[in-house]
Amino acid sequence: LFHDTYSPSDPTNFVITIPDIFQVTTTFSGSDVIFSKGSGEIQNYNAVADEIVITNVTNGNQTTVELNRYGVVTEVTQ
């Protein structure tokens, strides 16, 4: 997570570590989901590529989270 504009050397960046049991993939362009400050809209949103998939690598279970252009979760499927 980062403020305003991403800079890898910014000490205020916040890393969230996902346990090894999970694999996260996305259809978002560049595998990035960037929310605009204030509105929460997803930058460069594409309705055809708007999913995040979380896979449990030990049992293969998957959860797909779909977002709309405003950053709202519109569907969760398992």
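Colleague: Why is glutamate 41 called partly exposed?

Modeller: Its relative accessibility is 28%. Buried means under 20% relative accessible area, exposed over 50%, and partly exposed in between (1.4 Å probe, protein chains only). Glutamate 41 at 28% therefore counts as partly exposed. This is a predicted model, where local features need pLDDT of at least 70, side-chain atom pairs count only at pLDDT 80 or more, and totals for chains, interfaces and linings use all residues. Residues are numbered from 1 along each chain as its sequence is written, and side-chain values use heavy atoms, with hydrogens and water left out.

Colleague: What makes arginine 69 and glutamate 41 a salt bridge?

Modeller: The rule asks for a side-chain nitrogen of Lys or Arg within 4 Å of a carboxyl oxygen of Asp or Glu. Here the N to O distance is 3.7 Å. So the pair qualifies. Arginine 69 sits in the loop between strand 3 (62-67) and strand 4 (73-77). Glutamate 41 lies in the loop between strand 1 (22-26) and strand 2 (51-56), 28 residues apart from its partner. The count by this rule is one salt bridge.

Colleague: Which class does arginine 69 fall into, and why?

Modeller: Its relative accessible area is 42%, so arginine 69 is partly exposed by the cut-offs already given.

Colleague: What share of the residues is buried?

Modeller: Buried residues are 14% of the 78 in the protein.

Conventions
Helix = DSSP H or I, 4+ residues; strand = E, 2+ residues; numbered from the N terminus.
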